[in-house]
Amino acid sequence: NNLMMLQPAGGKVLTFKVIEFVTPCAEPQDYTITLKTNYCGEEGTDVAITGDFPDSYWIEAIPMEKIDDNTYTYTIENGIPGMGFKFQSTEGGWYNQPVEFNEEYSEWLGLGNFILGEETEILIDLTDYVWQACTPTE
């Protein structure tokens, strides 16, 4: 019921595999996301949020409201538990996002998706993470 095509399929047959069915009858609700972070990026850019919620659908990098130098907020309207989201720079394209150093692969990797749940006031503290545009070089 919540599937949508982002581009014409050109008459192709599409198949889907449902890995997990989460709250199929959940009522949409608003979620306020507050992010604590030490943003680092190109001049003129700032923190954005993207995800599989209305207004973004993983396509749009939506600027978050800057509260102070390290605090940002955004309200996801009509979100449903199970929807995912991440943070990136307002320039989009995943060029700049919060990353962590993976010892096993010896490289900086992006964080996994955050998932909406029962809590509608969400605080995420990423102050100990680095933004990809400013990762230390050897």
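Is Trp-58 buried, exposed or partly exposed, and at what relative accessibility? Trp-58 counts as partly exposed, at 31% relative accessibility. The note below takes up the rings, the strands and the cavity of this predicted model.

1. **Trp-58 and Trp-94.** These two rings form a tilted aromatic pair. Their centres are 6.4 Å apart, and the planes make an angle of 40 degrees. A pair counts if the centres lie within 6.5 Å. Trp-58 sits in the loop between β2 and β3, and Trp-94 in the loop between β6 (84-89) and β7 (98-102), so the contact ties together parts that are 36 residues apart in sequence. Trp-94 is also partly exposed, at 29% relative accessibility.

2. **Phe-53 and Tyr-74.** The search of the whole structure gives 7 aromatic pairs. One of them joins Phe-53 to Tyr-74, at 6.1 Å centre to centre. The planes are 40 degrees apart, and the pair is tilted. Phe-53 belongs to the loop between β2 (47-51) and β3 (62-63), while Tyr-74 belongs to strand β5 (residues 71-79), so this pair ties together parts that are 21 residues apart in sequence. Both Phe-53 and Tyr-74 are buried.

3. **Strand β6.** How many of the residues of β6 are buried? The count is 6 of the 6, so β6 is largely enclosed by the rest of the structure. β6 pairs with β2 in the antiparallel sense, over 5 bridges. In that pairing, Ile-49 stands opposite Phe-87. β6 also pairs with strand β9 (residues 114-115), again antiparallel, over 2 bridges. Here Phe-85 stands opposite Phe-114.

4. **The Phe cluster.** Which residues do ring pairs link into a cluster? They are Phe-85, Phe-87 and Phe-114.

5. **The cavity.** The search finds 1 cavity of 30 Å³ or more. The volume of the largest cavity is about 40 Å³. Its lining consists of Lys-86, Phe-87, Gln-97, Pro-98, Leu-111, Gly-112, Phe-114 and Leu-126. By class, the lining holds 5 nonpolar, 2 polar and 1 charged. Several names return from the points above.

Key:
Residues are numbered from 1 along each chain as its sequence is written. This is a predicted model: local features need pLDDT of at least 70, side-chain atom pairs count only at pLDDT 80 or more; totals for chains, interfaces and linings use all residues. Side-chain values use heavy atoms; hydrogens and water are left out. Rings of Phe, Tyr and Trp (its six-membered ring) pair if their centres lie within 6.5 Å; planes under 30 degrees apart count as stacked, over 60 as edge-to-face and the rest as tilted. Helices (H or I, at least four residues) and strands (E, at least two) are DSSP runs, numbered from the N terminus. Buried means under 20% relative accessible area, exposed over 50%, partly exposed in between (1.4 Å probe, protein chains only). Two strands pair if DSSP finds at least two bridges between them. On a 1 Å grid over the protein atoms alone, a cavity is a set of points where a 1.4 Å probe fits but cannot get out, and a pocket is an open set with protein on both sides within 12 Å along at least five of seven lines; lining residues have an atom within 4 Å of a point. Grid points are joined across faces, edges and corners, and a volume is the space filled by probe spheres set on the points. Ala, Val, Leu, Ile, Met, Phe, Trp, Tyr, Cys and Pro count as nonpolar, Asp, Glu, Lys and Arg as charged, and the others, Gly among them, as polar.
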